[in-house]
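Colleague: Could you walk me through some of the packing in this one? I'll ask as we go.

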Amino acid sequence: MKRRFDRRTMLRGTLAGGAVSMGLPLLDCFLNDNGTALAQGAPLPLRFGAWMWGCGMNPDRWAPTTTGEGWALPPELIALDRDLSAGGKVRDYVSVLSGFDVTLDGRPNFPHSGGLVTTLTGRVPEQDGVFVEPTLDSVIASEIGGATRFRSIEMSATGNPNQAYSREAQGLPNAPELSPAALYDRVFGPEFADPSAGPFIPDPRLMLRQSVLSVVKEDGDRLMQEVGTHDKQRLDQYFTSVRQLERQIEVLLDGPPDLEACMRAPQRSGESLGTEVGQSKRTNELMAELLSFALACDQTRVFSMMFSAPISGLRQAGSSSQHHQLTHDEAIDPALGYQPEATAFVLDSMEAWADFVEKLAEIPEGDGTLLDNCLVFAHSDVSFAKVHGIIGIPMMVAGRAGGRVKPGVHVNGNAAPTTRVGLTLQQVMGLNVESWGALSMKATLPVSEILV
Amino acid sequence: MSWFSRDLMAAVLAVAIVGCSSEDGGSGSDAPAVDGGPVALRRLTTEQFARSIHDVLGKHITVPTRIDPDERRSGLLAVGSSFAGVTPSGFEKYEAAAAAVAEQALDADHRAELVSCEPASASSSDDVCAGQFIEQVGRRLFRRSLSQAEIDRRVEVARNATAVLGDFYEGLELALSSLLVSPDFLFRVERAEPDPSDPNRLRLTAASIASRLSFLLWNTSPDDALLDAAESGNLLDHDVLAAQVDRLVSSPRAEIGLRSLFSDFYDFRQFDDGLVRKDAALFPAYTQTIAENAKEQTLRTIVAHLTNGGDYRDLFTTRNTFLTRNLGLVYRVPVVEANGWEAHTFDQDSPRAGLLSHVSMMALYSHPGRSSPTLRGKFVREVLLCQNVPTPPANIDFSIVEDTMGELRTARDRLEAHVTSDSCAGCHNLMDPIGLAFENFDAVGAFREQENGVTIDASGELDGVAYDGPIGVGEALRDHPEVGPCLVRTLFRYSVGRDATLEEWPLLDFLGERFAESGFRVADLVREMVLSDGFLTTSGPREAEMVGAEP
């Protein structure tokens with residue numbers, strides 16, 4: 001069914017007339033049929049997400065020993081053995097990408113940032129921790145994020161507002177949501193148009209906010225004439241952000257999402273922010289649930305989650321050491337062949353990753369679940385953290401991306417650049433890009449083994 | 001222009017200026033003439049955003065804090081602000097914050113303080129009154145007078161909004177929101193103009209100087225008196241400028257400026273963000289209240305010492321401080337005052353003297369579960385001495401440490417294991433001998449004799465000066481020749497929002513000498529700096545750096 005009226009046009013007309021009366025009889029004709037109408041005809045949205053954990057893994061214990069399908073679960077991926085309520089196991093939805101490397105072309109390996117920045121931007125950083133190009137999630141968001149209320153949603157389970165995973169052009173950090181309660185308010189607070197809430201009446205203030213935004217764009221235009229080239233770029237970013245808010249207001253004026261699976265997320269208690277590993281896992285899980293509801297309502301199509309920072313601050317209550325410290329200081333147990341305390345945090349991280357995937361698989365959508373229409377990229381900053389290894393950066397991909405990717409596969413990159421994965425993800429998300437990255441990190445071939 | 005001729009030119013100009021400087025108590029400056037470096041938009045920091053709103057729109061307003069986090073560059077939020085931008089999620093939050101602020105500013109209890117005119121009717125629009133409000137408030141928020149077009153468009157917003165909402169003040173809220181989310185408010189705009197006395201040079205406009213001054217000294221938008229001086233053009237007159245500097249420096253609000261300055265230097269934002277966390281099982285007595293008190297103790301100590309005209313270097317040795325009862329428990333000294341602060345002087349036999357022995361510093365530069373001589377030493381090197389410590393090599397070989405972990409009981413033992421490895425020694429030798437002298441203070445800054453049952457050896461050495469324990473390292477630091485010049489450099493970067501250019505170095509050297517001559521009085525340094533070319537002139541707008549250039 002197609003909508004015969006555009007609510008926005010009608011309301012604009014009313015506002016321009018000066019006197020505004022938006023009674024129910026007028027608005028009845030705009031109501032949707034509780035979300036089913038468009039959903040039956042239109043394809044379900046495709047979403048991209050990134051999920052990172054810090055301080056890597058033990059390569060011999062993390063990577064499967066055989067490639068293709070049917071690989072045996074290695075000890076550090078045991079968390080993927082979990083059963084899903086919709087059937088199957090987490091591992092059935094996850095492909096493992098091992099053996100993809102970062103090559104520095106003679107530049108120094110800045111600990112914990114060299115591999116990360118290169119994998120996410122395709123370029124080796126020239127200064128420690130400095131991003132100059134946008135991260136993969138931002139590249140994808142700038143292409144597909146414009147259709148939804150939020151261009152993207154950034155999350156972090158570290159409790160630290162100053163550690164951002166996602167970067168815009170010039171390295172501008174996209175600040176993450178730290179608190180599940182704040183994320184709930186942002187997405188499902190009073191502005192959320194709840195499809196089950198009865199007749200939809202747009203708030204006339206929304207259009208007044210639009211008038212405010214058009215004034216500040218004029219301010220920006222004037223300022224643009226006075227500043228240098230660097231500030232012009234920064235003001236461009238400001239304009240992009242203003243336009244995104246305009247888009248958000250348009251979406252809100254459109255009323256409840258026409259998606260069958262859409263409903264307001266449940267409100268949960270028990271939030272506790274910090275890097276004690278139980279806190280981070282709980283935050284990750286609460287946010288994953290909120291995100292799954294937000295995605296089902298098409299509030300955004302791009303998201304990221306920093307479970308732990310590159311210099312991972314995860315710790316056990318009562319311990320004087322953090323994950324990162326342990327990766328360097330803890331002795332390799334000669335009997336076990338690895339660092340037991342540091343490795344416990346790898347297992348925790350993989351459990352948190354399984355928690356995240358599981359939440360996306362709990363929302364039914366179309367003939368399957370939300371996860372079927374997602375493409376989620378998980379990775380760390382290093383492989384073996386003790387030496388800041390950037391050979392074989394651990395990566396995984398979860399979801400079916402609307403049937404475009406094949407899950408449950410193990411691919412060994414055989415020293416191919418990690419950017420091949422970034423290229424593949426962009427292509428799957430519909431970006432028209434034939435190569436990605438620079439110098440040795442330039443990738444031209446997608447990882448065809450995971451493509452359908 | 002080559003290095004040589006640039007230096008030569010600076011020297012020639014310096015001589016020329018000295019020749020005509022006056023000696024009557026500082027109305028002239030004999031600072032070397034330099035062209036100041038480039039200007040850029042500076043996004044208001046979280047603190048500046050809140051302070052500006054409080055000062056212009058009312059102290060009663062609850063300003064949302066979590067917007068776009070400030071970015072730290074070159075060790076300062078003040079430098080990061082010249083690179084910070086506005087992201088989509090950041091703008092979303094700015095807009096929501098603007099609406100919340102506007103509503104509080106114009107609520108029924110407070111609108112009379114802000115809107116000096118009475119609308120013809122409370123339920124319909126009044127362009128004259130709205131225009132008057134926008135003009136007055138807009139000037140403070142934009143830190144310059146608005147153009148007629150900027151006012152008119154906002155009068156229109158207010159008019160349309162009043163028509164829809166049926167309330168004059170609610171309409172005005174939208175106009176106020178449009179000021180608060182404007183790039184002219186969110187960014188400090190520093191503008192350049194040709195210097196009439198030498199059209200080949202650029203100077204900052206009077207309004208830009210007013211903002212620089214106000215944010216440096218009060219960390220907020222300029223007040224009306226300063227804006228008046230700027231907009232009449234008088235501020236470009238040296239004597240008027242000097243008088244305004246004196247007014248701002250001698251105001252009680254200068255304390256805010258000092259606090260902001262040192263909070264930025266020392267990265268005290270981490271306290272505000274609740275990030276100075278400690279393991280609850282290991283440090284059960286450490287609470288959020290103690291963390292907040294600890295930060296406040298250090299800031300109070302700095303303010304009291306510097307506003308009394310104290311020698312900056314004595315901050316690292318002074319035994320005078322302020323305590324609460326909570327802090328008294330950590331320091332194990334009695335505090336009489338049951339609620340609030342009291343002045344305290346640590347005993348001569350106390351291990352505490354100087355800022356570095358404060359709980360704030362020791363807790364901030366530690367891990368959640370243990371002290372960190374390396375972080376403490378790095379802080380002293382990088383922040384207090386402005387020396388760069390290289391990042392560790394990527395492929396660190398810790399095999400020396402591995403097999404004997406159980407035997408390494410103290411931080412010194414563990415670090416000495418690192419330092420026997422050549423690839424680590426170069427840098428760790430810069431940091432550890434400083435940090436190890438603080439090992440008697442644990443991860444929350446409490447005093448201890450032993451670590452894991454072994455008596456702590458707190459001896460060390462700073463650039464040739466040997467000491468034993470925290471008192472000694474404070475004294476060595478106080479007398480270190482770089483401690484004064486480092487403050488000059490940091491203060492300059494903080495003021496102009498960028499690193500000094502090569503051309504500005506002679507000026508910084510000069511300011512360093514003058515700082516020493518003044519007995520390291522910070523107020524004198526500030527005054528000398530803001531009256532110098534480094535502060536008042538510019539090479540023009542900063543241009544974009546080439547990014548992604550092939551090596």
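Colleague: Which residues of α10(A) meet α12(A)?

Modeller: A:V277, A:K281, A:N284, A:E285, A:A288, A:E289 and A:S292 in α10(A) meet A:F345, A:D348, A:A352, A:D355, A:F356, A:K359 and A:L360 in α12(A), where two residues are in contact if their C-beta atoms, placed from the backbone, lie within 7 Å. By class, that contact holds 6 nonpolar, 2 polar and 6 charged residues; Ala, Val, Leu, Ile, Met, Phe, Trp, Tyr, Cys and Pro count as nonpolar, Asp, Glu, Lys and Arg as charged, and the others, Gly among them, as polar. This is a predicted model, in which local features need pLDDT of at least 70 and side-chain atom pairs count only at pLDDT 80 or more, while totals for chains, interfaces and linings use all residues. Residues are numbered from 1 along each chain as its sequence is written, and chains are lettered from A and ligands numbered from 1 in the order in which they are written.

Colleague: And at what angle do α10(A) and α12(A) pack?

Modeller: Helix α10 (residues 277-296) of chain A packs against α12(A) at about 15 degrees, with the axes 8 Å apart; axes are lines fitted to C-alpha atoms, for helices over the stretch in contact, and angles run from 0 to 180 degrees between N-to-C directions. That makes α10(A) roughly parallel to α12(A), since angles under 35 degrees count as roughly parallel, over 145 as roughly antiparallel, 65 to 115 as roughly perpendicular and the rest as oblique. The crossing is right-handed, that is, the near helix is turned clockwise from the far one by less than a right angle. Helices (H or I, at least four residues) and strands (E, at least two) are DSSP runs, numbered from the N terminus.

Colleague: What about the sheet in chain A, in which order do the strands run?

Modeller: The order in chain A is β3-β4-β1-β7-β8-β2-β9, an open sheet of 7 strands with mixed pairing, two strands being paired if DSSP finds at least two bridges between them. At the edges are β3 (153-156) and β9 (410-417) of chain A, each of which pairs on one side only. Neighbouring strands of the sheet are turned by 15 degrees against each other on average, direction ignored. Helix α12 (residues 340-360) of chain A packs on this sheet, where it touches β1 (47-53), β2, β4 (302-306), β7 (374-380) and β8 of chain A, and its direction makes about 160 degrees with that of β1(A).

Colleague: Do β2(A) and β8(A) pair in the parallel or the antiparallel sense?

Modeller: Antiparallel: strand β2 (residues 94-101) and strand β8 (residues 395-398) of chain A pair over 4 bridges, and A:V94 stands opposite A:A398 in β8(A).

Colleague: Switching to the interface, how many residues of each chain are in contact?

Modeller: On chain B there are 60 residues in contact with 66 residues of chain A. Helices α4 (88-105), α7 (148-165), α8 (168-180), α9 (183-186) and α19 (399-402) of chain B each supply at least two residues of the side that touches chain A, and α7(B) gives the most, with 8 residues. That side of chain B divides into 29 nonpolar, 13 polar and 18 charged residues.

Colleague: Take B:R153 in that helix, is it buried or exposed?

Modeller: B:R153, which lies in α7 of chain B, is buried, with 20 other C-beta atoms within 10 Å; a residue is buried if 20 or more other C-beta atoms lie within 10 Å of its own, exposed if 12 or fewer, and partly exposed in between. Leaving aside neighbours within four places in sequence, B:R153 is in contact with A:V215 and A:E218.

Colleague: How does α6(B) cross α7(B)?

Modeller: The axes of helix α6 (residues 127-142) of chain B and α7(B) come within 9 Å and cross at roughly 125 degrees, and the two helices are therefore oblique to each other. α6(B) passes α7(B) in a right-handed crossing. Among the residues that meet are B:I134 of α6(B) and B:V155 of α7(B), and the contact has 5 nonpolar, 2 polar and 4 charged residues.
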